[in-house]
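Hi,

Here is the structure I promised to pass on to you. Have a look at it first, and then read on for what turned up in it.

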Amino acid sequence: MDVNPAGPNGRRRWTAVVVSAVVVPVLGAGATAGGLPIGQTRTGRATWYEDAGTGACGTAVDAATEDLAAVPAAWWTAADPNADPLCAGVSVQVDYRGRTITVPVKDQCPGCPAEQLDLSRPAFQRLADLGLGVLDGITWKFVDSGRGGGGGTGGARESGHVRELPAGAGAPAAG
């Protein structure tokens, strides 16, 4: 009886190891976009906000009226957040107690730990009552929404969740 699982020449076993080393990182970890773990489910918490201004991706946001997500600073990798992979058509899919939403990433949450999302008021309301304030035990993942986006603001500065344009640069009117 031959007890060598690789067979008499020992080559099949090494071939399988090499193929596994190449295929598992590519297929097993899920696709990535700019190093983001697209499709990998995470567990964490969600809060909500309602700021308006220019989001970290350089586009106008109004977290009081539109569905969007602010993602923790830990996930941003580009020196210029306007050019970050998160601004290139990435959304987050969030599940909480049987409800699921998918909203675009348009902003950064500088004070959030890596597993926390800050959702716009309407996005949070689609999952739970605003009075809860914090949703512990959400599951979420990055998903490719294929929209692209970003764009620079030229001289924008960060303020809380949103980046504000310099005075006189045409910042959106509050409303």
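This is a predicted model: local features need pLDDT of at least 70, side-chain atom pairs count only at pLDDT 80 or more; totals for chains, interfaces and linings use all residues.

**Around R42**

The side chain of R42 makes a polar contact with the side chain of E115, at 3.1 Å. Leaving aside residues up to four places away in sequence, R42 touches P37, W75, E115, I138, T139 and W140. Several of these residues come back below.

P37, one of those contacts, is part of strand 2, which covers residues 36-37. P37 counts as buried because its relative accessibility is 9%. The C-alpha atoms of P37 and F142 are 6.8 Å apart, although 105 residues separate the two in sequence.

**The barrel**

Six strands form a closed barrel in the order 3-9-6-8-7-10, and the pairing is mixed. From one strand to the next, the twist averages 45 degrees.

Here are some of the pairings, with an example residue pair for each:

- Strand 3 (residues 42-49) runs antiparallel to strand 10 (residues 135-144), and five bridges join them. T43 has T139 as its bridge partner in strand 10.
- Strand 7 (residues 90-96) is also antiparallel to strand 10, with six bridges between them. Here F142 of strand 10 stands opposite V92.
- Strand 7 pairs with strand 8 (residues 99-109) in the antiparallel sense, over six bridges. Q93 has T102 as its bridge partner in strand 8.

How many aromatic pairs does the structure hold? There are three. One of them is W75 with W140, an edge-to-face pair with 6.2 Å from centre to centre and 90 degrees between the planes. W75 sits in the loop between strand 6 (69-72) and strand 7, while W140 is in strand 10, so this pair ties together parts that are 65 residues apart in sequence. Both W75 and W140 are buried.

W75 pairs with F142 too: the ring centres are 5.2 Å apart and the planes meet at 70 degrees, so this pair is edge-to-face. Because W75 is in the loop between strand 6 and strand 7 and F142 is in strand 10, the pair ties together parts that are 67 residues apart in sequence. F142 is buried, as is W75.

**The disulfides**

A search of the whole structure gives two disulfides. Numbered in sequence order, the bonded cysteines of the chain pair as 1-2, 3-4.

The torsion about its S-S bond is about -85 degrees, so the disulfide of C57 and C87 is left-handed. C57 lies in the loop between strand 4 (52-54) and strand 5 (60-62) and C87 in the loop between strand 6 and strand 7, so the link ties together parts that are 30 residues apart in sequence. C57 is buried at 3% relative accessibility, and C87 is buried at 5%.

C109 and C112 form a disulfide as well, again with 2.0 Å between the sulfur atoms. Is the link of C109 and C112 left-handed or right-handed? With 65 degrees about the S-S bond, the link is right-handed. C109 is buried with a relative accessible area of 3%, and C112 is buried with 9%.

Best wishes

Key. Residues are numbered from 1 along each chain as its sequence is written. Side-chain values use heavy atoms; hydrogens and water are left out. Helices (H or I, at least four residues) and strands (E, at least two) are DSSP runs, numbered from the N terminus. Buried means under 20% relative accessible area, exposed over 50%, partly exposed in between (1.4 Å probe, protein chains only). Two strands pair if DSSP finds at least two bridges between them. Rings of Phe, Tyr and Trp (its six-membered ring) pair if their centres lie within 6.5 Å; planes under 30 degrees apart count as stacked, over 60 as edge-to-face and the rest as tilted. A polar contact is a pair of N or O atoms within 3.5 Å; within protein, one must be able to donate a hydrogen and the other to accept it, and residues adjacent in sequence count only if both atoms are side-chain atoms. Contact means heavy atoms within 4.5 Å. Axes are lines fitted to C-alpha atoms, for helices over the stretch in contact, and angles run from 0 to 180 degrees between N-to-C directions. A disulfide is a pair of cysteine sulfur atoms within 2.5 Å.
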